[in-house]
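Take a look at the model below. The report that follows goes through a few of its parts, one at a time.

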Amino acid sequence: MSDSNLEQAQADGKYIRTVRSFVKREGRLTKGQAAALERSWPIMGLTHQQGLLDLTQVFGREAPTVLEIGFGMGKSLVAMAAAAPEKNFIGIEVHRPGVGACLMEAETAGLTNLRVYEHDAVEVLRDCIADGALDTVQVFFPDPWHKKRHHKRRLIQPAFVEALRPKLALGGVLHLATDWENYAEHMLEVMSGAANWRNLAEDQGYIPRPSERPLTKFEQRGERLGHGVWDLKFSRIG
C-alpha cells in the first residue's frame, strides 16, 4: 500500500496494522526511577521529535556507536557501556519504568557515553538514525510471542531487518540473542534468507555467547535449569 493510499485509508477510518517493535505495557514508576528520570533525562534523553541525529553533536565526539533495541531495565546495557567507554551507546525502550531504572544504573556508573529513547524503535530507526551511522545493533531477549498465531508480531522479521540494514555501516554487526529455541530458529531463518548479510558463525548457525554481552541473572538461572540461550551475529556486507 502506498503512503497516499495508507493515509486515505486511515482518513476513512480503516484500521491498518503497521509493524511496531513492542506492545505497550504500562508499569508503575518507583520513586527512584521517577527521580532519575527528572535528573538525567535532560542529559541522556533523546526524543523522536528531535528528528535525524548528529551523533557527533549528541555525544560531543566521533566514536563507534552501538544501538540496543528493547533494553528492559537497562542493567546489561549500562554494563556494556561502562565496559567500553571508547564507544557511544544508544538504548531504545518503550516502558518508562525500564527507562527510569536504566538512568538510575547509568547515574550510579557515572556514564557519559549513553543516551536513551522512550519510543518505538521502528520509528526511531526510520526518522532519527542516519544511514551508515551505527557500528552495532543489538536485540537481546525480545518478546518471543511463543504462541504460533502470534509469531507475526515478533520483531525480527524480513521487513524490519531490511529497514535496519542501511543504518549499519558496511561491516557493522547485528547481534541477536534469545532463550526461546523456536525464536532462535526463526531468527536464523530470517537472517539467512536476507540479502547482504554474512553469518559470523563458522558453521553458519549460532555463536557462543560473546564476552561483551553480560550474563544476566535470568540467564544464569536458566543455565542451571538446563535452558539454552542462542546468540547470532550477522555482518552487513552490502
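## Helix H6 and its cover

Helix H6 spans residues 121–128, and its buried residues are Ala121, Glu123, Val124, Leu125 and Cys128. Buried means under 20% relative accessible area (1.4 Å probe, protein chains only). Helices are DSSP runs of H or I with at least four residues, strands are runs of E with at least two, and both are numbered from the N terminus. The cover over these buried residues includes strands E2 (65–69), E3 (88–92) and E4 (114–117), and helix H7 (158–164).

## About the model

This is a predicted model: local features need pLDDT of at least 70, side-chain atom pairs count only at pLDDT 80 or more, and totals for chains, interfaces and linings use all residues. Residues are numbered from 1 along each chain as its sequence is written, and side-chain values use heavy atoms, leaving out hydrogens and water.

## Annotated binding site

An unreviewed UniProt entry carries the annotation "binding site" for Glu68, Glu93, Asp120 and Asp143. Such annotations may be inferred rather than shown by experiment. The residues are spread over 76 residues of sequence, yet they cluster in space, with a largest C-alpha distance of 14.4 Å.

## Two of these residues

Glu93 sits in the loop between E3 and H5. Its relative accessibility is 7%, so Glu93 counts as buried. Leaving aside residues up to four places away in sequence, Glu93 touches Gly70, Phe71, Gly72, Val99, Tyr117, Glu118 and His119; contact means heavy atoms within 4.5 Å.

Asp120 is in the loop between E4 and H6. Asp120 counts as buried because its relative accessibility is 3%.

Definitions and conventions: Buried < 20%, exposed > 50% of the residue type's maximum accessible area, 1.4 Å probe, protein only.
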